[in-house]
Amino acid sequence: MESFAQLLESGRRAGPCRPFPRGEVSAEQWTALAGHLAAGDLVLMGLWGDAGAVHMALLDEAAGRLAVATYACAGGAFPSVARHHPPAARLERTVRDLYGLVPEGAPDDRAWLDHGRWGVRHPLGTPLPAEPAGDTYAFLAAEGEGLHQIPVGPVHAGIIEPGHFRFSCYGEAVVRLEERLGYVHKGIERLVAGADVAQAARLAGRQSGDSTVAYALAFCRAVEAARGVAVPARAHALRGVMAELERLANHLGDIGAICNDAAFALMLAHCGVLREKVLRVSARAFGHRLMMDGVIPGGVAVDLARDGISAIRVLVSEVRAAFPALVELYDNTASLQDRTVGTGFTRPDYVRQFGAGGYVGRASGRPFDARRAFAYPPYDRLPFEVAVRPEGDVNARIWVRIREVEESLGLVVRLLDTLPDGPVATEIPAGPGEGLAVVEGFRGDVLAFVALAADGRVRRAHLRDPSWFQWPLLETAIEGNIVADFPLCNKSFNCSYSGVDL
Amino acid sequence: MRKLLLQGLLKAPLTEAAPEDVAVEQLAAELNAAARARLGRSLSIREVDAGSCNGCELEIHALGNAFYDLERFGLHFVASPRHADVLLVTGPVAKNMAEALKRTYDATPAPKWVVAAGDCAITGGVFAGGYACAGGVEAVLPVDLRIPGCPPTPLALLTGLLALLRAGRD
């Protein structure tokens with residue numbers, strides 16, 4: 001781990017990034033770090049492109065240290081990390097699509113986000129005009145007698161985001177699933193470059209709408225770190241309330257929807273009522289059902305009024321009263337358990353290798369939670385349990401959500417009980433800087449990197465969705481399961497399409 | 001489970017207890033009459049996400065919960081465009097989705113209507129002007145109705161669908 005220690009040291013000494021160090025590394029150091037990823041000493045937290053450079057965020061989980069390695073791409077290329085460490089593959093393909101920087105020795109040279117439809121190649125690097133005729137895509141082969149393929153998407157049967165799933169099946173059993181995403185690529189990283197921080201925060205809050213609070217929070221924390229701004233204590237607490245309400249709403253929705261995909265609509269109906277109550281109270285307390293644009297650089301957009309506080313308290317007691325019966329219903333319905341227990345098994349070693357966070361990681365025994373690992377405010381002063389299950393199946397992912405619902409209810413109450421007085425926002429003085437932040441969304445850890453130009457506008461921002469490291473595991477989880485269980489497995493992961501399509 | 005079901009039977013429906021009840025009830029009455037006049041008893045909707053951040057999908061989903069209970073109006077979501085009367089499209093139309101959206105439209109039998117739901121679907125919203133988005137549904141398909149909002153609330157979506165039915169009747 002010498003190369004990581006060197007990186008920490010150089011990043012701390014001269015690096016521009018706060019509060020996590022960033023340092024430039026040589027090709028040898030870059031490859032040595034990739035070796036540590038492959039060996040499992042480090043966890044890959046992100047890999048993204050920049051003008052003529054690539055950045056790689058690395059976490060030493062045992063020591064709780066995070067650092068960013070930057071490699072200046074000589075001749076527009078960098079040594080492939082995916083060659084040693086597969087979790088980097090789609091991130092590298094994205095860097096190449098957007099920046100034209102080539103990962104040398106990469107195991108997969110197919111485009112990822114670029115479907116040949118933009119009329120331009122490498123839109124964030126040196127743009128090359130291109131005919132938007134659409135590229136063909138070579139899916140990985142699965143060969144053998146009796147195998148057949150089922151193409152699904154991008155337009156799906158339900159009200160969900162678009163993506164393509166290519167199933168290779170033997171009878172009912174899935175032999176291989178390959179995902180092809182990128183359909184909702186909106187060019188966020190291009191739009192955010194040159195925007196002022198307020199506009200950039202609005203864009204960040206729309207990279208994945210279900211996690212709008214988490215995204216805006218990650219972005220704003222990175223901006224505040226870059227400018228060395230201290231956010232008022234009341235704003236920290238209100239951000240915590242919003243983040244936990246978002247987690248509650250999503251987990252309640254997911255628990256119902258997963259059960260619905262096992263044809264148990266009663267859970268969906270009851271959980272849907274609770275979810276709607278959370279959204280209505282969020283609207284009353286913070287002015288928007290999903291709390292979009294509630295978190296702003298420097299604090300929060302609206303103060304929580306007294307009637308908002310009491311509405312949230314009533315909500316908590318209502319959910320507390322109704323939820324245990326639903327948990328019992330889930331736990332005691334044999335036909336439902338028959339579908340969820342043992343289904344969609346996700347291997348704990350894969351979860352560790354990919355650094356998968358959220359309920360996907362925690363349901364396969366990886367206890368990582370950014371609220372705990374980085375103890376950012378207000379979680380630095382709040383006790384809470386991190387729910388972990390070892391089984392790795394759909395059932396475990398439901399149970400982690402159930403425990404997190406209970407935990408979030410407690411956190412909301414504690415935050416309201418200890419709500420500090422004072423202002424809810426502070427000014428961000430315009431100026432340059434660079435910041436990195438990791439926050440825990442309902443789905444897992446969202447990483448934000450922000451570089452501000454001298455005029456205070458965003459030069460470069462990258463937000464890494466937790467799903468980057470969860471989507472590939474869904475491909476492994478479905479293997480050997482029947483096609484009919486795919487919706488169930490997929491919903492138990494509930495990965496974001498928009499979040500990773502950028 | 002029996003206890004829960006029994007409670008469900010004994011308690012008043014949530015729909016009536018909801019604060020927005022008056023508005024929803026008014027809509028319900030009008031929507032019922034209007035829907036029958038135009039399309040018999042029901043209207044089938046195929047939702048297409050053409051690049052949304054998924055916020056709109058969350059609110060469209062909410063239409064199905066006990067508070068809004070979309071299906072009591074004869075409005076329901078279908079799995080295939082071949083069964084649809086209405087395409088409910090969200091998102092700024094990512095260029096990567098434009099062909100899929102067009103094909104979905106072509107697969108929908110006439111008469112058909114296109115509803116652009118959400119600010120992105122109307123103008124491209126915060127994503128307008130980039131290299132990757134067509135900039136609203138209108139750039140790709142003829143649009144019959146626009147429902148603004150980021151995202152539109154379930155009530156706004158319901159109101160919009162009612163307006164579509166009225167326009168179709170005239």
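This is a predicted model: local features need pLDDT of at least 70, side-chain atom pairs count only at pLDDT 80 or more; totals for chains, interfaces and linings use all residues.
**Entry 1: one residue up close.** I began with A:Val450 and looked up its contacts, skipping residues up to four places away in sequence. Its partners are A:Phe219, A:Ala222, A:Val223, A:Ala226, A:Glu434, A:Gly435, A:Val458 and A:Ala461.

**Entry 2: the core around it.** Next I asked which members of the largest nonpolar core touch the most other members. I found A:Val450 in that group, along with A:Leu58, A:Ala218, A:Phe219, A:Ala222, A:Ala448 and B:Val89. The core holds 211 residues. Helix 7 of chain A, residues 233-261, is its top contributor, giving 14 residues.

**Entry 3: chain A as a whole.** I counted 17 helices and 17 strands in chain A. Its radius of gyration is 22 Å, close to the 23 Å from the globule rule for 502 residues, so chain A is as compact as a globular protein of that length. The C-alpha atoms fill a box of roughly 65 × 60 × 45 Å along the principal axes. I also noted that 57% of the residues of chain A count as buried. Among contacts in chain A with a separation of 6 or more, 67% join residues 24 or more positions apart.

**Entry 4: where the chains meet.** I then turned to the contact between the chains, which takes 42 residues from chain A and 40 residues from chain B. On the side of chain A that touches chain B, helix 4 (188-192), helix 5 (197-204), helix 8 (265-286) and helix 9 (306-332) each give two or more residues. Helix 8 gives the most, with 4 residues. By class, I get 20 nonpolar, 13 polar and 9 charged residues on that side of chain A.

Note on methods. Residues are numbered from 1 along each chain as its sequence is written. Chains are lettered from A and ligands numbered from 1 in the order in which they are written. A nonpolar core is a set of buried Ala, Val, Leu, Ile, Met, Phe, Trp, Tyr and Cys residues joined through C-beta atoms within 7 Å. A residue is buried if 20 or more other C-beta atoms lie within 10 Å of its own, exposed if 12 or fewer, and partly exposed in between; C-beta atoms are placed from the backbone. Two residues are in contact if their C-beta atoms, placed from the backbone, lie within 7 Å. Ala, Val, Leu, Ile, Met, Phe, Trp, Tyr, Cys and Pro count as nonpolar, Asp, Glu, Lys and Arg as charged, and the others, Gly among them, as polar. The radius of gyration is taken over C-alpha atoms; the globule rule is 2.2 Å times the number of residues to the power 0.38.
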